[in-house]
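Have the viewer open as you read.

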Amino acid sequence: MTDLSLSDQAIAGKTAPSGEARALRLPTQWLGVAPFFIFAIMFLILPTLYLMLGAFQNDAGEFTLENIAALAQPSIVAAYWISIKVSLASALIGAFAGLAIAIAIVRGGLPDWIRSATLTFSGVASNFAGVPLAFAFLATLGRLGLATVILNTVFGLNIYAHGFNILSFWGLTLTYIYFQIPLMVVIIVPAIDGLKKEWGEAAATLGATTAQYWRMVVIPVIWPSFLGTVILLFANAFGAIATAYALTGSSLNIVPILLYAQIRGDVLHNAHLGYAIAFGMIVITGLANVFYIWFRTRSERWLK
């Protein structure tokens with residue numbers, strides 16, 4: 001008994017320090033992602049919480065629902081509606097055009113360098129926005145833009161005489177399409193790559209035509225990815241402000257410009273109403289991202 005007790009104590013004495021060392025060991029594996037979490041907390045989570053809190057406060061810091069009720073003003077409702085229409089139009093046009101381009105470069109039998117060049121350009125163009133993009137479209141489709149002058153002098157077509165205006169709904173939508181199409185290409189190409197060749201071979205073996213294969217196999221498989229990407233494009237356009245403000249100024253009443261005017265403007269200045277407008281935008285984009293994640297989860301079941 002004495003020898004066993006001494007041996008147990010010796011074993012305990014040897015194992016205790018190693019257990020303490022494990023307990024005091026720093027979680028160094030988290031250091032790599034620490035900058036991401038710090039950045040997300042400081043520039044995403046905390047500002048969002050601040051806006052949401054400010055939407056339910058007055059100037060005295062007291063709780064109120066007046067700011068939320070003020071969102072029912074006709075001018076604010078109209079701004080939301082215009083923003084939704086611009087975002088939806090640019091998302092749908094960009095999604096269908098991007099899907100066609102993605103199918104062509106993945107399954108169209110084109111040279112490999114076409115795919116690499118298209119994806120590289122799409123990655124760059126999807127992030128090209130703001131003042132440079134607005135200037136590019138003004139220089140191209142403005143009243144004295146390059147394309148406008150060529151259409152007028154060579155083809156005798158004056159697009160402005162037929163009602164087109166770069167500072168209008170369709171002008172802004174066309175500008176948004178520039179970065180919506182490449183973003184669609186970047187996101188949807190992996191979904192098209194996930195279509196297995198065995199599916200086409202099996203369909204052909206069973207006597208299915210190409211149209212039947214696309215209608216019964218391809219479209220059902222990529223449909224969740226397509227819908228999810230449309231929703232993501234909608235959210236991408238709904239929150240854009242730099243391009244819209246640089247292009248149209250205050251001539252087009254959309255939500256981001258109205259929000260900017262309420263928080264930082266000289267004429268319209270009601271910070272808490274601006275917080276409420278931002279809260280409405282957070283709700284809409286949040287719902288859009290929830291649906292995107294849901295559709296993305298459904299599509300990944302087929303693409304694994």
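Predicted model: local features only at pLDDT ≥ 70, side-chain atom pairs only at ≥ 80, totals over all residues.

Residues are numbered from 1 along each chain as its sequence is written, and side-chain values use heavy atoms, with hydrogens and water left out.

The chain has 13 helices and zero strands, where helices (H or I, at least four residues) and strands (E, at least two) are DSSP runs numbered from the N terminus. Of its 304 residues, 35% are buried, meaning under 20% relative accessible area with a 1.4 Å probe, protein chains only.

Let's visit Thr-64, in the loop between α2 (34–54) and α3 (66–69). Thr-64 counts as buried because its relative accessibility is 11%. Beyond its neighbours within four places in sequence, Thr-64 is in contact (heavy atoms within 4.5 Å) with Ala-55, Phe-56, Gln-57 and Asn-58.

| Item | Value |
|---|---|
| α4 | residues 74–107 |
| α5 | residues 112–125 |
| Angle between α4 and α5 | about 145° |
| Distance between the axes of α4 and α5 | 8 Å |

Axes are lines fitted to C-alpha atoms over the stretch in contact, and angles run from 0 to 180 degrees between N-to-C directions. From α4, Ile-101, Ile-105 and Val-106 make the contact, meeting Ile-114, Arg-115, Thr-118 and Leu-119 of α5.

Note on methods
Buried < 20%, exposed > 50% of the residue type's maximum accessible area, 1.4 Å probe, protein only.
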